[in-house]
Amino acid sequence: MTFLENIIISDDPAVRDQALDSFCRDQSMEELLEAAAALERFRHHRANLYERVRACFFLYAIHRFHLPTRPGFPATGRIPFDGYTHLLERRFEEATDVFLQAQESDGPSDSLSSALAAAYHRIAFQTLANQVRHSVRSARGNQWMFRVGHPDDQPLRLRRELLARSVGNAAYPVLREQTPVRMDLTHSGWSDIFFLGMDYPEGARVLNISVDLAVRGRGEAPRPPVEAFLRVIDAPVLRLASVDLGVSADISTLAEVFDF
């Protein structure tokens, strides 16, 4: 068990809450490379989400901030094109494999560490996103979103009042929705997902409020600042229009509707 692995898995706050910098500060280039290799093996053999994600962030920091500052660390190197392509196509694990193979054959470099840091950073957040997606899919009320293969499978329906035109009016009725803005007074950061909730749960308590807004001297009273309108149109598209931005986009396929 390496020192960094022990920091990740320890139940003792005095051990678990140590900063990575405190370990890396006195390590040589060779020792940091050995620690990174051990963390790479560690993250592939641990089932615990927290442990895998924290290992990825340790690897990111080692390659991004610590290795490039070591005496003798090569400043330039070759980044394999296929690894770069994997990064662009969000195949981060494949990119990491390519970069590590290049590091093994050609030696470490600032260039390769920069590429590895980018890959590890994105793997960490992709791992968290996959867990959120799994949680969303597991909730019975959300499962319809991932099982729609035909328009008739969509459980949401328009109220019949929105499908009835008034006499002499060619347009369908408009539904107007107004809602307050949500504000997080503590700004502790998404306690259900990210690392404050993992490392320091007592500090990840969120206090949310809903607020109506007004400009002083304008209007009679505060109003809900978020406003949306819905109207049926005579076209087989969903037309999304932003009043504030002055732009619109048409969605014409079922796949686009469910591209969450």
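This is a predicted model: local features need pLDDT of at least 70, side-chain atom pairs count only at pLDDT 80 or more; totals for chains, interfaces and linings use all residues.

Biologist: Are helix 4 and helix 5 roughly parallel or roughly antiparallel to each other?

Modeller: Helices here are DSSP runs of H or I with at least four residues, numbered from the N terminus. Helix 4 (residues 29-45) and helix 5 (residues 49-66) have axes 9 Å apart and pack at an angle of about 155°, where axes are lines fitted to C-alpha atoms over the stretch in contact and angles run from 0 to 180 degrees between N-to-C directions. Angles under 35 degrees count as roughly parallel and those over 145 as roughly antiparallel. Helix 4 and helix 5 are therefore roughly antiparallel.

Biologist: Which residues of helix 5 does helix 4 meet?

Modeller: Contact means heavy atoms within 4.5 Å. On the side of helix 4 the residues are Leu32, Ala36, Leu39, Glu40, Phe42 and Arg43, and they meet, in helix 5, Glu51, Arg52, Ala55, Cys56, Phe58, Leu59, Ile62, His63 and His66.

Biologist: Is Arg43 buried or exposed?

Modeller: Arg43 is placed in helix 4. Buried means under 20% relative accessible area and exposed means over 50%, with partly exposed in between (1.4 Å probe, protein chains only). Arg43 has 6% relative accessibility and so counts as buried.

Biologist: Which side chain makes a polar contact with the side chain of Arg43?

Modeller: A polar contact is a pair of N or O atoms within 3.5 Å; within protein, one must be able to donate a hydrogen and the other to accept it, and residues adjacent in sequence count only if both atoms are side-chain atoms. Not counting residues up to four places away in sequence, Arg43 touches several residues, among them Thr96, Tyr120 and Ile123. The polar contact of its side chain, at 2.8 Å, is with the side chain of Glu93.

Biologist: What is phi of Arg90?

Modeller: Arg90 is placed in the loop between helix 6 (81-88) and helix 7 (92-106), and at 56% relative accessibility it counts as exposed. Its phi is positive, in a residue other than glycine, and lies near 65°.

Terms used
Residues are numbered from 1 along each chain as its sequence is written. Side-chain values use heavy atoms; hydrogens and water are left out. Helices (H or I, at least four residues) and strands (E, at least two) are DSSP runs, numbered from the N terminus. Angles under 35 degrees count as roughly parallel, over 145 as roughly antiparallel, 65 to 115 as roughly perpendicular and the rest as oblique.
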